[in-house]
Amino acid sequence: MTSADVRDVFELPLTDAAPKKKQKHVGERRPKGISRELFSLLGENSAPLVIYQNKLKERPKINQKAKRWVWQPFTNNARDDGLVLHHWVQKSETPPEAYRFEKFNTHAALETYSDDEYERLLRDDDWSREETDYLMELCKEYDVRFFIIADRYIFKGRKRRLEDIKDRLCKIQRALLVDRHPLNTMTAAQSALYNSLAYDKDQEIARKEYLERLMARTPEEIAEEEALFIELKRIQATQEKMIRDREDILRLLSEQKPTSNAQEYLTSSGLSGLVQDMAATEKARKRVENPKFTSGVDMYSSRVSAPVRNMNGRSLRRGPMPDDAIYGVSWHEKLQTGAFVRSQRLPTIKASLTQRVYGILAELGIPMRLVMPTERTCTKFTQLQNDIVTLLELKRQVDRLGAEHDIQEKLNHGGA
Amino acid sequence: MGIHRISKCQISRPIIVGNDAKPLTEEEKQNAPKDHTHHWRIFVEGVDGEDISPWIRKVVFKLHDTYHNSTRIIEEPPFEVNETGWGEFDIMIRVFFPPEAHEKPITFFHRLKLHAYLTTGDTVTPLNEYVKSEQYEEVVFNEPTEIMYNILTQHAIGDGHGLAVEPEPGHEFSLQREQDEVDKLDIAVGKVNEMIQSYRKRLQELGGTPEQGTPVAQ
């Protein structure tokens with residue numbers, strides 16, 4: 001069955017004409033110098049690498065001799081039937097110790113009461129004597145494990161809540177303890193026990209209820225609580241800053257003392273007066289060439305500059321006063337808001353010119369720094385500086401022109 | 001925000017920033033740290049004994065790092081720091097205004113001066129005496145807040161009547177002194193203007209106009 005037959009059967013198209021000859025594999029020629037065996041190991045013919053995998057584990061090295069183990073019978077003294085069981089134990093000369101799980105057979109310390117003590121201390125409206133005895137029985141049997149007790153508890157067809165049971169038992173134990181060992185004679189251990197027996201039923205019920213609710217939260221609620229918690233943390237972190245900011249804002253707000261009563265504006269004459277004043281300030285503002293844009297505060301102040309009249313009708317607008325000078329007060333059209341040192345606001349000179357300017361100042365006998373930088377002296381000083389700069393400019397031009405002029409002269413003379 | 005500023009109003013107050021220094025006596029040197037040679041005081045004060053605390057809340061003096069607690073904050077007058085030392089260094093002084101002023105603090109630098117010298121010709125001899133290095137400065141409030149305006153107009157400059165007219169020993173800053181300086185400056189301006197005139201004339205002679213930068217070809 002050749003491929004040609006198969007193709008015929010399936011009526012597939014023929015492949016190209018002649019079936020291929022078996023390809024002859026031409027390997028390397030063995031050079032003359034080396035033996036056949038050696039050549040078969042080199043170059044193209046090298047033997048395949050063998051990776052050694054140790055599929056078996058090493059035998060573990062043990063330096064000791066094997067120990068002896070003995071099938072040992074033992075009894076558990078916690079049991080009361082004397083059952084004998086066996087277990088493997090290492091052979092040793094020492095006699096066997098007690099079974100090591102015996103000590104776990106503990107029982108809870110449960111104080112019981114006599115009739116007299118019951119009558120005196122433990123009477124309760126909700127719990128009859130029989131029920132109380134039944135409870136004590138259960139506690140003894142189930143080792144004061146409340147979950148089991150509460151589950152198995154049934155007295156006269158009535159079941160009780162775990163919290164009620166625990167509450168009753170704690171009350172009993174506590175009352176007995178304090179009766180037998182009055183508070184001031186208690187040892188440290190006893191008073192610790194006394195304190196640990198203080199059981200708050202309502203709080204416990206509430207706590208368990210809360211835990212239940214916590215468990216029953218939907219994922220959305222959980223996510224919401226998480227977000228709120230993060231928010232709280234963030235608020236706490238920035239709390240101090242917020243308090244300060246709030247104080248600042250409150251202070252700023254409280255600064256605005258009412259300069260006048262609004263009463264006067266409620267009358268018709270007052271209103272018309274106000275309208276006139278506002279119209280006047282509008283006109284005044286429009287007339288000013290450059291409205292003050294030096295600071296946002298200026299916008300406010302120009303709006304508020306409508307003359308405010310107090311109860312007496314005298315204008316409270318701040319303006320020049322005769323004694324301004326002794327307080328250093330002066331009035332100017334355009335001011336840039338803020339506080340500064342006068343000598344620090346003197347205009348500076350270009351770096352290239354400073355040296356020469358100072359030189360000229362020195363020649364004129366003026367110190368680089370004013371002794372008393374007042375408004376007058378600063379203005380004059382600035383003027384002087386500007387003049388010196390102008391002078392230097394001029395000098396430069398004159399020198400340049402002068403030099404060129406001289407060169408021209410020399411050329412003319414030279415030519416003549 | 002509601003801060004009312006007095007528009008067009010400018011209040012300028014003089015203060016004195018400086019230091020004085022006195023060499024320590026032998027006895028004082030015993031009690032002072034090793035190598036200290038002088039007792040010095042850096043201060044910011046008003047002129048003519050003016051109490052500047054109504055309008056200055058605190059002054060912070062930043063001393064050289066080698067001083068313990070080199071940042072000294074003085075919140076009550078007198079705004080000064082008394083210390084002992086041996087070296088002259090720059091002290092940065094920051095003056096803070098009351099919060100109602102809503103102003104940023106202003107800064108001065110003062111080179112502490114301890115040593116006095118007598119320079120005669122080429123020789124310089126050290127003197128062992130009290131020195132004082134102070135500078136008159138003016139703090140200018142442009143458009144002060146209403147509260148600041150009230151504070152400043154309730155406390156006059158100097159001794160209550162503005163800057164002193166004539167200088168007194170210990171208080172050399174007065175209107176007289178200012179006038180002297182103004183006069184000197186006026187003279188200087190005059191001289192410079194004379195020179196400017198002469199240069200302008202020369203420039204015209206040479207054929208260039210003062211405004212032109214390029215020369216005119218002859």
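Biologist: Which residues does Asp20(B) touch, not counting residues up to four places away in sequence?

Modeller: This is a predicted model, in which local features need pLDDT of at least 70, side-chain atom pairs count only at pLDDT 80 or more, and totals for chains, interfaces and linings use all residues. Residues are numbered from 1 along each chain as its sequence is written, chains are lettered from A and ligands numbered from 1 in the order in which they are written, and side-chain values use heavy atoms, leaving out hydrogens and water. Contact means heavy atoms within 4.5 Å. With those neighbours in sequence set aside, Asp20(B) touches His39(B), Trp40(B), Arg41(B), Phe43(B), Tyr130(B), Val131(B) and Lys132(B).

Biologist: Thanks! Is Asp20(B) buried or exposed?

Modeller: Buried means under 20% relative accessible area, exposed over 50% and partly exposed in between, using a 1.4 Å probe and protein chains only. Asp20(B) has a relative accessible area of 9%, so it is buried.

Biologist: And how are α4(A) and α6(A) oriented to each other?

Modeller: Helices are DSSP runs of H or I with at least four residues, numbered from the N terminus. Axes are lines fitted to C-alpha atoms, for helices over the stretch in contact, with angles from 0 to 180 degrees between N-to-C directions. Helix α4 (residues 129–141) and helix α6 (residues 162–180) of chain A pack at about 95 degrees, their axes 11 Å apart. Angles of 65 to 115 degrees count as roughly perpendicular, under 35 as roughly parallel, over 145 as roughly antiparallel and the rest as oblique, so α4(A) and α6(A) are roughly perpendicular.

Biologist: Which residues of α4(A) make that contact?

Modeller: On the α6(A) side, the contact is made by Ile165(A), Arg168(A), Leu169(A), Ile172(A) and Gln173(A). From α4(A) come Thr132(A), Leu135(A), Met136(A) and Cys139(A).

How values were computed:
Helix = DSSP H or I, 4+ residues; strand = E, 2+ residues; numbered from the N terminus.
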